[in-house]
Structures are given as C-alpha cells and as structure tokens.
Amino acid sequence: MATTARPAARLDDRLTERLVAVAGAEHVRTDPGGLLAFATDATPLHRGHPDAVVFPASTDEVAAVVRLAGEAGVPVIPRGSGTNLSAATIADRGGIVLALTRLDTLLEVDPANLVAVCQPGVRIVGLAEAAAEHGLLYPPDPGSQATSTLGGNVATCAGGLKGLKYGVTRDYVLGVEAVLGTGEVIRSGGKLVKDVAGYDLRRLLCGSEGTLGVLTELTLRLVPRPPASGTGVASFDGLDAAARAVTRTLRAGVLPVTLEFLDQVCVRTVEAFARIGLDTDAGAMLIFGQDGEPEAVERDMGRMARACEEEGASHVRVAEDDAEAGRILEARRAALPSLSRLERLTILEDATVPRDRLPEMVGRVQEIARRHDLRVGTFGHAGDGNLHPTAVLDPDDEDAVRRAHEAFGEIFAAAIELGGTITGEHGVGLTKLPFLERQLGGEHVALVRRIKHAFDPRGILNPGKLGS
Ligand SMILES: Cc1cc2nc3c(=O)[nH]c(=O)nc-3n(C[C@H](O)[C@H](O)[C@H](O)COP(=O)(O)OP(=O)(O)OC[C@H]3O[C@@H](n4cnc5c(N)ncnc54)[C@H](O)[C@@H]3O)c2cc1C
C-alpha cells in the first residue's frame, strides 16, 4: 500500500530566506507575535505553533511555497479565516501556515452563465452582495458567512440554513484551480453545467480540508434571486411533535428554505439574553421559511403553519413583515452567542442523523448530558437532520472538560448507531479523528490515504487532518 510520509521537519533560516524571496519580507511572518495569532482557530482547547505564516498573492507564489516546503519536508497548512470548528488549521506539527486572505479578488460575476469566478480569500458576504447586484443568489450561508472565506467553505464543504432546499457548498462548485502537494497546478471543471471528462476532482477537493491541494481559484454556481420570502415560528411540547410537523410539511409537497429547531435549553437561554418574546414554556421551537414567487411563498407558509397546528403546536405565528421575520430568525442566530454567555468555554459540535431519527438523537444527547452532569443545549437544521449539541462549561474545571470529551464521544457513537455521521458540515480536522475509522471502516480510511498519496506524495499538505 502507498504510504505517505509524515513530515515534521522544522523551518530553518535558509528556507525562511527562500520564502521571503517568493512572497516578500512583509508577507512572511516568523516573529512570535505574528505566529501567535495563527496558533489557534475557532476550535476551543486546540493550539499549535507554526514556524512561519506566509501570505501569497498569486497561484505562482502558492506553488513556489509548496515546492519549497516539499523539498524540505515541512508541513503546509492552508488557511482562510480560521473559523473552522474541527482544529483543521492547527499546526500541530509546526510548519508553514499558508494564509490565503490576500487572494481576495472577485474576478467575475457572469450572469449569462450564472456563475462567479473568484479567488479563495473572498468572503461569502462579498460574493453575495456582488451577485445580488445582478439579481442573483449564492445560497450557501454558514453562520460564519461574514468572516469565513470561500476557499475555506469549499475545503470544508460548509453547510448552512438553506441546505434542505438549496444543498450545500459542493452543489455550487463548478470548477477549481488547485496547487497539489508537488507544486503542480491543476484545473477541474469550469463554467460548464455538464462536464464528465474524467474523474470529478473538483468534488474530491471539495471537503478535502486542505489535505489534497491548495484551492487558488473557484468557479461557483449562482441561481436567480427569489423575489419573495416568508418566515414563521411554532412552539411545541417537545421535539417529537416538531419532527412530525417537519414530516407533514414535506409530505404536503413543500420544500422549505428554512427548517430550524431549538431545544428547550436553547429557547430559554436565547430568551434570557436576547428578550425577543419567545415562549419559554415550549419544549422545542421550530422556525420555518420559504422563498420564491410571492403567491407560492404565501401558499407554502400557510401549509407549513397548518402542518404545525395539526401536530399540536401550542403557538404558531407567520411574520407579517421583514422586521418580524428578522426577529424570528434572530432567535436561531442568537442560540450560539446566548449559550456562550453562560460559561467561559463553549464546545459547539456537529452530527447528523436521518431526518426521522432527529428527536431520538436529541433525546440521546439530553440523556448523555444529564448522565455526565453537563449543560448542553441543542439547535440545528431540522430539515437536514443536522444538530449542534453545544456544551458550556468552565475551562478551569478539568473534570468537567474530561466529562465533556466523554459525552461527545458517546454522542458521536449514538449518531453512527442511528445511521448518521460524526459531522454534517464542520469537517473532521483533528477533533473527529478518533471517530473516523468507526464511521468509515478500515478499508475506506486506507483508500483515503492512497488518494492522499496520489495528490501529495510527500505528505506535506495539512498532514494528519481528516485521517490523511
Ligand atoms: C460562529 C460560527 C458559525 C459557523 N457556522 C457554520 C455553519 O453554519 N455551517 C458550516 O458548515 N460551518 C460553520 N462554521 C464553521 C466554519 O465557519 C466553516 O468551516 C468555514 O467553511 C471555514 O472557513 P474559513 O475561511 O474560516 O476556513 P479555515 O477555518 O481557515 O479553514 C478550514 C479548512 O479549510 C482549509 N482551507 C482553507 N482555505 C483553503 C484553500 N484555499 N485551499 C485549500 N484548503 C483550504 C484549511 O486547511 C482547513 O482544513 C461556523 C463557525 C463559526 C465560528
């Protein structure tokens, strides 16, 4: 079997000089202060100091840095905004963090072909605003859309609130340019809707967490912007009834743009901090929404409200205007920040189960949290079966941290047992490695390593992440 070397060589002065010759002295940081900012990402409790941070300005510079690192056997960790929640940009073996934020040009919005072409450091908001000027929409909308980069979104195959109707990032990646671990540059796909010439490498690169190639250009699909949208909210005794309302909605022929849930812990916490008038007696809350032509939106909002009432919702409300819709969506957006204010450490996790197992899964999460004496609130994408159990605790309480790790191990095991996955959108990184083989099986993991070897024979690209 092809094995990939595990590089851990450190940077020396000669390599630093060569990096400076490629990117310019002002774009190579080796000072302790400069490195400290890149020792962490958004994942709590993970830290690893790189030896250098390089900010390339072109594909050629990326390729040159990768070639130099390859010759020296030094790891290269591609990085966008560092908002990932799986320790995917932690330099746990040292090496060079390749910060792609200077590659931030939106090269083209092409309304005739319904695509945008951009460099990887462009943020979603930038693309969304440019697309809106042409009456177009880029649907993937992770909660981090104001800060995360499109390169990072593609490399993690980010999801968001609109996944049920519009799909996730991979459904919008038509073409990529990438620098492989050898320094070679490949292009896969482009502005074409149909292209079956060869293996679909752009799909393979999507979600590859920087382990197969550095994405240097992206061609992304856009869709016509829906002229109208609607938002509503329903309170239920518990998640079982909310889940039945989801099934009833889908059976009624409605494919909602939004179907988000909050459990009781989240409803009460959000209300305590945000004071937006939520029903704190509710056992669960469902936020539903639709977009499209005005008549279709009105019809679907009515159907969804009825589905909730028929499943025993104690309170159902459809927003009368944008301001009210904004307040309802705020409840979902406020879930994480509100939970975070309860304690100094917030561990936001991610698992997915088949949609009809969601209530059972949330019940398992609550039971596990009780048994480990932890405060855990769960919210997520009811339409996708994707849930985010979120534990809040004191980081100085070592026993609580240990209990949280044990609890999340049990939560991931429960997701697998219910036919689900250890991550629906945040990725594997370093944090999910202990569970990867249990989910994929030994042969699958071995194949992943052989694929890695083909793209990156020296094993320098984000080594170890995603089981690579
Ligand atoms: C508040 C908050 C809300 C979030 N909400 C969501 C959500 O709703 N849905 C969701 O899916 N995620 C969410 N996330 C997680 C995170 O924002 C996403 O994973 C995002 O896609 C990461 O983008 P980034 O630019 O920050 O990438 P980084 O964190 O910098 O990198 C992520 C991964 O991509 C690789 N990478 C980055 N750029 C490139 C490149 N150009 N070429 C190759 N590899 C690259 C890195 O090596 C790493 O493996 C959230 C995070 C936070 C903090």
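Modeller: Two packed helices are described by the angle between their axes and the distance between the axes. In this predicted model, the axes of helix α8 (residues 239-251) and helix α10 (residues 294-310) cross at roughly 140 degrees and come within 8 Å. Angles over 145 degrees count as roughly antiparallel, and the pair is therefore classed as oblique.

Biologist: What is the handedness of the crossing of α8 and α10?

Modeller: The crossing in which α8 passes α10 is right-handed.

Biologist: Which residues of α8 and α10 meet, and how do they divide by class?

Modeller: From α8 come A245, R248 and T249, and they meet M304, A307, C308 and E310 of α10. The contact of these two helices has 4 nonpolar, 1 polar and 2 charged residues.

Biologist: How is the packing of α1 and α3 described?

Modeller: Helix α1 (residues 13-23) packs with helix α3 (residues 59-72) at an angle of about 170 degrees, and their axes are 9 Å apart. Since an angle over 145 degrees counts as roughly antiparallel, α1 and α3 are therefore roughly antiparallel to each other. On the α1 side the contact involves L15, R18, L19, V22 and A23, while α3 contributes E61, A64, V65, L68, E71 and A72. By class, this contact has 8 nonpolar and 3 charged residues, and no polar ones.

Biologist: Are α14 and α15 roughly parallel or roughly antiparallel to each other?

Modeller: Helix α14 (residues 398-417) and helix α15 (residues 433-440) pack at an angle of about 15 degrees, with 11 Å between their axes. Angles under 35 degrees count as roughly parallel, and so α14 and α15 are roughly parallel to each other. Their crossing is right-handed. G409, F412, A413 and I416 of α14 make the contact with F435, R438 and Q439 of α15. Among the residues of this contact, 4 are nonpolar, 2 are polar and 1 is charged.

Biologist: Let us turn to the ligand. How many residues surround the ligand, and which are the closest?

Modeller: The ligand is surrounded by 33 residues, of which the closest are P78, G80, T83, S144 and T149.

Notes
Residues are numbered from 1 along each chain as its sequence is written. This is a predicted model: local features need pLDDT of at least 70, side-chain atom pairs count only at pLDDT 80 or more; totals for chains, interfaces and linings use all residues. Side-chain values use heavy atoms; hydrogens and water are left out. Axes are lines fitted to C-alpha atoms, for helices over the stretch in contact, and angles run from 0 to 180 degrees between N-to-C directions. Helices (H or I, at least four residues) and strands (E, at least two) are DSSP runs, numbered from the N terminus. Angles under 35 degrees count as roughly parallel, over 145 as roughly antiparallel, 65 to 115 as roughly perpendicular and the rest as oblique. A crossing is left-handed if the near helix is turned anticlockwise from the far one by less than a right angle, and right-handed if clockwise. Contact means heavy atoms within 4.5 Å. Ala, Val, Leu, Ile, Met, Phe, Trp, Tyr, Cys and Pro count as nonpolar, Asp, Glu, Lys and Arg as charged, and the others, Gly among them, as polar. A residue is near a molecule or strand if one of its heavy atoms lies within 4 Å of it.
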